[in-house]
Amino acid sequence: MCLIDVYLARSSTIIVFLLVLVFVIALYYQMDMYENVDEKVEISDQFLLTRNLSSKKQDITVLIIVNDSESAEKEYNIALNSVRCYCEQKKYRLEIAEDTDFRHFCQQENSMFRRHCIVAHLLRESEYVFLLEPGMAVVNPDMRLEEFIDDNYDMTMYDKFTSWEIDTSSYVVKNTVWSRDFLMKLAEFETKIPSSSNDNTALHILLQKTFYPEFTEEAGNCLKILENLEFSTGNQQIMYTFEACIRTVIGENHEFSNMRIIKKGTGWAREIWLTDSKWNQNRDFMLNGLKNSLQTTFAHGVLSDILLGRQTWRSPFSTPPIQGQCDYSKWDYDQSLIVSKSEIDEYLIEKYEEVEKMRWQSLAAVGNYMSKS
């Protein structure tokens, strides 16, 4: 065989080898791509809103409790007007109440505890009360509040996205003896825990006592953590550690005899800054945190976060809703902030993983407090 024939034979062998190698690599990445797609679909489904699309019309009062009406109108006017217009269109009653007006029968010193007493009293006038924060704005008025009501439960709350706490600032509650009693017990917990703690801490203790009294001994170990509370900058971390501990005692159950807790990212509202003010019309209903003093025109970035903070937000509206001009079919949105569901999911997945890491770190710290006791 001549040298040319040998060269051609070797060249053909090399070409075939390279083609096979390219095919194998392509097949590998294709399989990997499908695995990633399946993984993303599975993870993104984790943040589908918990909605009952066949829910019937209910007698609902939307309640927003503020410290001072005049100040609230200045600081939260965009959010408040969106809720006003939404309630007008959907025929819900709206009550914006000053908590100081209820001091004669709700005598809690801390407004966080006092608001649960106020809800318990106003609940007698409606079948359901939907408590909202003043900074919560409706961005998708096509959704209905009834979609987040389950008649099997007296109360529905949801997990905060930015921690492992159950959110006490917004919930829906049914007018029953049990729910009014539960809310008053929560309000009265103000005097049963350290003054430097809050109603989130109280709620977690009350949940254990109400639904898992058999775990009192285990919960007692968690309560030792609160003995370390002092008026210091470390208080929030101590409370986070306690809540991580007590929720481990309770377990992963989110449904109890009278109450359900909607899982992280699937409730009616989430913080607007989590996704750099971006949202999606198919998965978002309300956005929280629309406080005027934090409004900006800048997107999140390293420099803007350092100078302005992480909780700044851009308005979802080009022209905010105005009371008296409430045709929400004409609401003018900033289209640049309306993005795909997959983009929103990417933001949420990243934050979810960050919070989970923090939760495990808090659980790891539980032993440190046990050793001090």
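At what angle do helix H6 and helix H7 pack, and how far apart are their axes? Hello everyone, let's start there. Helix H6, residues 199–211, and helix H7, residues 216–226, pack at an angle of about 165°, with axes 11 Å apart. The axes are lines fitted to C-alpha atoms, for helices over the stretch in contact, and angles run from 0 to 180 degrees between N-to-C directions. H6 and H7 are therefore roughly antiparallel to each other, a label for angles over 145 degrees. Their crossing is left-handed, meaning the near helix is turned anticlockwise from the far one by less than a right angle.

Who makes the contact? On H6 we have Thr 201, Ile 205 and Gln 208, and on H7 there are Thr 216, Ala 219, Leu 223 and Leu 226. Contact here means heavy atoms within 4.5 Å. These residues divide into 4 nonpolar, 3 polar and no charged; Ala, Val, Leu, Ile, Met, Phe, Trp, Tyr, Cys and Pro count as nonpolar, Asp, Glu, Lys and Arg as charged, and the others, Gly among them, as polar.

A quick word on the source: this is a predicted model, where local features need pLDDT of at least 70 and side-chain atom pairs count only at pLDDT 80 or more, while totals for chains, interfaces and linings use all residues. Residues are numbered from 1 along each chain as its sequence is written, and side-chain values use heavy atoms, leaving out hydrogens and water.

Now the wider view. The protein chain has 11 helices and 11 strands, taken as DSSP runs numbered from the N terminus (helices are H or I, at least four residues; strands are E, at least two). Of its 373 residues, 49% count as buried, that is, under 20% relative accessible area, with exposed over 50% and partly exposed in between (1.4 Å probe, protein chains only).

Next, helix H8, residues 235–250. In H8, 13 of the 16 residues are buried, so this helix is largely enclosed by the rest of the structure. Just after H8 comes Gly 251, with a positive phi of about 95°.

Let me finish with two residues that are not glycines. Most residues other than glycine have a negative phi. Lys 91, however, has a positive phi of about 65°, and Asp 276 has one of about 55°. Lys 91 sits in the loop between helix H3 and strand S2, and Asp 276 in the loop between strands S8 and S9. Which is buried and which is exposed? Lys 91 is exposed, at 66% relative accessible area, whereas Asp 276 is buried, at 7%.

Terms used:
Parallel < 35°, antiparallel > 145°, perpendicular 65-115°, else oblique.
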